[in-house]
Amino acid sequence: MTTRIPTSTSVSESAVIAAPLAQVWHMIKLQDFHKFWSKLSKSDYVKGASPETDVVQWTFKDGTVLDVKQEEHSTIDHFITYSVIASTPALTYTSVLSTIRCYPITSGGSEGSTFVQWTANFSSDADAGVIEDARFKRKEALADLADVVVGGGAKK
């Protein structure tokens, strides 16, 4: 019998991006993640998937496909919350709820930049490998976002 290593089921990664809030916030749309995240090959609306809100399908370059449902969106407070509602291959955990928040930096050496925080709360059946993978992917995606917004270039 193997014993599971107890682990936190939440992840929080952040970055300071040397660009104004409006420029960064413009990229934070589920259907546009492929424009900055180098691991995604495309992101498309799933028509008719939900009568309540938007569902977007993310296709990763490794063949993984996630259907993500927008749970909450605020253009006033600059955040978006989404959940994964389907996955190919199947997920090894029950659920995850993620939020990306953007804050303007209004003073100090980084004034005029944007602080971006990307969190995730997983169900209790997510193991340490899932949590570390999520941490790595968020760090990588935030670096990609900074490269595209600041550099003005295309994703890698």
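1. Let me start with the rings: there are nine aromatic pairs in the structure. A pair here means rings of Phe, Tyr or Trp (its six-membered ring) with centres within 6.5 Å; planes under 30 degrees apart are stacked, over 60 edge-to-face and the rest tilted. F33 and F36 make a tilted pair, because their planes stand at 50° with the ring centres 5.1 Å apart. Both F33 and F36 are buried (under 20% relative accessible area, with exposed over 50% and partly exposed in between; 1.4 Å probe, protein chains only).

2. A word on what you are looking at: this is a predicted model, in which local features need pLDDT of at least 70 and side-chain atom pairs count only at pLDDT 80 or more, while totals for chains, interfaces and linings use all residues. Residues are numbered from 1 along each chain as its sequence is written, and side-chain values use heavy atoms, leaving out hydrogens and water.

3. Do look at W58 and Y82, an edge-to-face pair with 5.3 Å between centres and 65° between planes. This pair links distant parts of the chain, as W58 belongs to strand β3 (residues 55-60) and Y82 to strand β5 (residues 79-88), 24 residues apart. Strands (E, at least two residues) and helices (H or I, at least four) are DSSP runs, numbered from the N terminus. W58 is buried at 2% relative accessibility, and Y82 is buried at 4%.

4. Ring pairs also join up into a cluster of F33, F36, W37, W58, F60, Y82 and W118. One of these rings, F60, has the charged end of K137 over it, 5.7 Å from the ring centre. Likewise, the charged end of R101 sits over the ring of F79, at 4.4 Å from its centre. The criterion is NZ of Lys or CZ of Arg within 6 Å of the ring centre and within 35 degrees of the ring normal.

5. Now the sheet: seven strands form an open sheet in the order β1-β7-β6-β5-β4-β3-β2, paired antiparallel (pairing takes at least two DSSP bridges between two strands). Antiparallel β2 and β3 are joined by five bridges, and Y45 has V56 in β3 as its bridge partner.

6. Finally, helix α2 (residues 128-151) lies across β1, β5, β6 (96-104) and β7 (114-122), at about 15° to β1. Contact means heavy atoms within 4.5 Å; axes are lines fitted to C-alpha atoms, for helices over the stretch in contact, with angles from 0 to 180 degrees between N-to-C directions.
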